[in-house]
Amino acid sequence: MPKIRSIAGYMWAGAAIIIVLATFFGSGFFSRTLVAASGVKISPLYSGGEVMRSVDHGSYKALIHRPVFDALIGESKEGFVQVNWEPLAGLPPVIEEPVDYNGDGKEDFSIRIDTKTGKATLTRINPLVLSVINTVKLDNGWVVRVQLKKD
Amino acid sequence: MKTDTPQVPRGEGLGRTIILTAITAVITAVMFSQGKIPQDPKGAIALILTFLFANTLFFLIIYTGKTDRYRAVYFSTFAVMLIVSFISHMLEARGSMSLSEAKVFQCEVPFCHLVIPMTLVPIALTKTIIFPGSLIGGYASIASMFVLWIGATLALGRGFCSWSCFYGGLDDGFSRVLKRPVIKKINPKWIYLPFAVLLFVALTAAAYLSPTYCIWFCPFKAVTEFNAVTSTEILIQTIIFVSLFIGLVIVLPVLTKRRTQCAFLCPFGAMQSLTNKINVFDVRIDKEKCVKCKRCIQVCPTLSMSEESLEQGRTRITCMKCGKCIDSCPKGAISYHIKGTDIPGKRNTYRLLFLFAAFLFLAIFSSHIIQDGIVRILKLVTTGSMIS
């Protein structure tokens with residue numbers, strides 16, 4: 001038994017050197033495999049969630065994400081919906097966007113952004129819409145997050 | 001028990017050292033260059049200097065039999081070069097070290113291994129990463145850091161903290177500034193604080209789905225990136241992380257000669273202490289040779305040696321395998337060891353196997369950062385600016 005343990009120890013120690021080399025040689029492959037096999041994604045709290053709808057305005061488009069109420073377990077009482085406008089070059093001085101975030105065919109709020117100053121004005125229609133959380137200029141457009149209450 | 005070494009271990013002979021260094025030279029030449037010599041003269045100089053630096057230190061580690069002395073030079077250089085390279089990169093990409101909201105919304109924040117402990121519970125329960133970084137591709141992607149962490153854990157265990165952590169080199173370096181410690185007595189119970197920090201940040205990160213340690217405590221934001229102060233909350237966070245950096249990474253390591261950030265705060269280090277169980281290398285004490293001079297207890301940078309550990313013939317769970325106790329033992333009673341084998345057994349073989357894994361990890365992981373750092377410094381000297 002001690003001999004077997006000793007041999008196993010040496011084998012594992014030798015394997016450690018191979019593991020080091022494989023970690024760096026195969027970093028790209030292992031990274032892709034890890035992501036594909038685990039199915040992990042960036043939390044929608046950071047990514048804004050999947051894009052639910054795209055509205056074409058000609059020189060630019062609005063991307064309306066799914067409402068995010070994600071919590072560790074279940075859903076939280078408050079969340080947000082993210083709307084992106086892109087590309088930056090095609091944006092008008094003032095963006096006005098009516099948004100139906102829950103897909104019921106009715107407008108829930110309207111947002112107006114001055115793309116020069118970043119000032120955002122929210123017109124609430126649905127009482128579950130609370131306020132503007134962020135308005136941020138991105139490399140390729142503008143993004144806004146509007147705080148929501150869970151139904 | 002058999003032993004193949006004299007009482008106080010020496011390094012390898014010159015011929016054997018040259019052969020062993022030749023092996024690392026071939027591997028590092030391939031890994032550092034990735035098969036091509038840079039066309040840019042600064043890049044070529046950086047490649048050659050990095051190659052010579054790495055292999056000279058490996059030669060000295062093998063030839064002199066001293067591990068920690070030369071490891072620390074490499075490790076601290078890595079940390080300094082990371083700062084040079086990272087800050088230059090951020091200045092080029094963003095124009096400042098501060099993190100803009102746009103980069104957060106675009107999920108382009110570089111990921112580092114310290115975030116990993118906070119991501120595990122959310123990954124398990126929601127299959128999502130609570131960090132605004134890039135999963136694959138881009139600078140310091142999340143998946144690449146996870147791969148690195150898994151590889152390091154399997155190969156080195158907590159040895160990662162002394163052989164690969166690009167932050168650890170800072171407090172390691174500062175802990176060597178003075179010859180003797182000004183503060184000599186530290187309650188050894190402090191070594192359990194990182195486990196409490198680990199539990200706290202893992203739970204709060206899961207509860208708030210937010211990397212709380214990064215936002216509130218990480219001292220290394222002071223030398224990498226941080227949020228621009230735009231609110232009282234961010235101002236408080238800034239005061240906390242700057243204070244922790246000055247206190248735990250600079251002042252206390254200088255005064256105590258211990259790696260205080262790594263030993264008393266780092267949640268990643270605590271997690272590595274736990275995952276170290278699956279690693280094959282450890283540091284063991286030959287109780288027959290040990291004369292209980294307690295030199296190892298005095299020099300251990302993480303308080304991982306105690307009288308109880310000498311009695312038990314093994315280090316505490318927090319040992320980072322830096323080799324300082326091994327170098328300092330006057331009787332050669334402490335050595336690297338492979339689990340399952342005899343003590344002291346073939347201690348030179350154990351040491352070499354550990355060193356190949358640990359040194360290659362450090363050399364390969366740091367190579368592009370050190371090369372980039374050298375290029376930036378050469379740029380600074382020749383053009384007056386480190387950025388393009």
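This is a predicted model: local features need pLDDT of at least 70, side-chain atom pairs count only at pLDDT 80 or more; totals for chains, interfaces and linings use all residues.

The sulfur of B:Cys161 lies 6.3 Å from the closest cysteine sulfur, that of B:Cys266, which is too far for a bond. A disulfide here is a pair of cysteine sulfur atoms within 2.5 Å. B:Cys161 is buried, at a relative accessible area of 6%. Buried means under 20% relative accessible area, exposed means over 50%, and partly exposed lies in between (1.4 Å probe, protein chains only). For B:Cys218 the closest cysteine sulfur is in B:Cys112, 6.0 Å away, again too far for a bond. B:Cys218 is likewise buried, with 7% relative accessibility.

Residues are numbered from 1 along each chain as its sequence is written, chains are lettered from A and ligands numbered from 1 in the order in which they are written, and side-chain values use heavy atoms, with hydrogens and water left out.

Over all chains, the structure holds 19 salt bridges. The term stands for a side-chain nitrogen of Lys or Arg within 4 Å of a carboxyl oxygen of Asp or Glu.

| Pair | N to O distance |
|---|---|
| A:Glu96 and A:Arg112 | 3.8 Å |
| B:Arg71 and B:Asp172 | 2.8 Å |
| B:Glu307 and B:Lys294 | 3.1 Å |

In the salt bridge of B:Arg71 with B:Asp172, distant parts of the chain are linked: B:Arg71 sits in helix 3 (residues 68–94) of chain B and B:Asp172 in helix 8 (residues 168–174) of chain B, 101 residues apart. Helices (H or I, at least four residues) and strands (E, at least two) are DSSP runs, numbered from the N terminus.

The salt bridge between B:Glu307 and B:Lys294 also links distant parts of the chain, with B:Glu307 in helix 15 (residues 307–312) of chain B and B:Lys294 in the loop between strand 4 (281–285) and helix 14 (295–299) of chain B, 13 residues apart. B:Glu307 is partly exposed at 44% relative accessibility, and B:Lys294 is partly exposed at 35%. Salt bridges with shared partners join B:Asp68, B:Arg71, B:Asp171, B:Asp172, B:Arg176 and B:Arg259 into one network.

In chain A, the salt bridge between A:Glu96 and A:Arg112 connects strand 6 of chain A, which holds A:Glu96, to strand 7 of chain A, which holds A:Arg112, 16 residues apart. A:Glu96 is partly exposed at 48% relative accessible area, as is A:Arg112 at 39%.

Two strands pair if DSSP finds at least two bridges between them. Strand 7 (residues 109–114) of chain A is joined to strand 8 of chain A by five bridges. A:Ile113 stands opposite A:Ala120, a residue of strand 8 of chain A.

Chain A is assigned domain 1 (2–38) and domain 2 (44–149), bounds that come from an automatic or database domain assignment. The centres of domain 1 and domain 2 of chain A, taken over C-alpha atoms, are 45 Å apart.
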